[in-house]
Amino acid sequence: MYTVNQSYEKIIDLKDVLIVHTTEYGDIIAKFKNGEEKVLASYESEKDQRKAIKKLSEAYGKTEMFHFPYESDLEKERNI
């Protein structure tokens, strides 16, 4: 499975990723087998970070490509 970061600058093959985690600064980070880290997405709230990670986990195995949602998209979902 591949993921595209929010700014559409990078396509990342998740098979090369050891862990995806959040930071206290609102970022979702991918840590690679070679030790390198890349920011996949940034959110203002911890709730949106968790929602985005949940969406990634739900998409895993169901799609070839995952795009991290924009914060505005997550906000729209909350208001539905």
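This note goes through the sheet, a loop residue, the salt bridges and a surface patch of the structure above.

1. The model is a predicted one, in which local features need pLDDT of at least 70 and side-chain atom pairs count only at pLDDT 80 or more, while totals for chains, interfaces and linings use all residues. Residues are numbered from 1 along each chain as its sequence is written, and side-chain values use heavy atoms, with hydrogens and water left out.

2. An open sheet is built from 3 strands in the order E3-E4-E5, with antiparallel pairing; here strands (E, at least two residues) and helices (H or I, at least four) are DSSP runs numbered from the N terminus, and two strands pair if DSSP finds at least two bridges between them. Strands E3 (17–22) and E5 (37–42) stand at the edges with a single partner strand each, so one side of each has no neighbour in the sheet. From one strand to the next the twist averages 20°, an angle between N-to-C directions, on a scale from 0 to 180 degrees, of lines fitted to C-alpha atoms.

3. Strands E3 and E4 pair over 5 bridges, and threonine 22 stands opposite isoleucine 28 in E4. The two strands form a hairpin with 4 residues between them, and glycine 26 in the turn has a positive phi of about 95°. On the other pairing, 5 bridges join E4 (residues 27–32) to E5, where alanine 30 stands opposite lysine 38.

4. Aspartate 16 is found in the loop between strand E2 (11–13) and E3. Its relative accessible area is 35%, which makes aspartate 16 partly exposed (buried means under 20%, exposed over 50%, partly exposed in between, with a 1.4 Å probe and protein chains only). Leaving aside neighbours within four places in sequence, aspartate 16 is in contact (heavy atoms within 4.5 Å) with Phe32 and Lys33.

5. Salt bridges (a side-chain nitrogen of Lys or Arg within 4 Å of a carboxyl oxygen of Asp or Glu) come to 4 by count. One of them joins glutamate 36 and lysine 38 at 3.0 Å, N to O; glutamate 36 is partly exposed at 35%, and lysine 38 is partly exposed at 26%. Another joins arginine 50 and glutamate 46 at 2.9 Å, both in helix H1 (residues 46–59) and 4 residues apart, about one turn of the helix.

6. Tyr2, Ile11 and Met65 make a nonpolar surface patch of about 290 Å². Patches are made of residues with over 30% relative accessible area and no salt bridge, like charges being joined within 9 Å and nonpolar side chains (Val, Leu, Ile, Met, Phe, Trp, Tyr) within 5 Å; accessible areas come from the Shrake-Rupley method with a 1.4 Å probe, and for residues only the protein chains shown count as cover.
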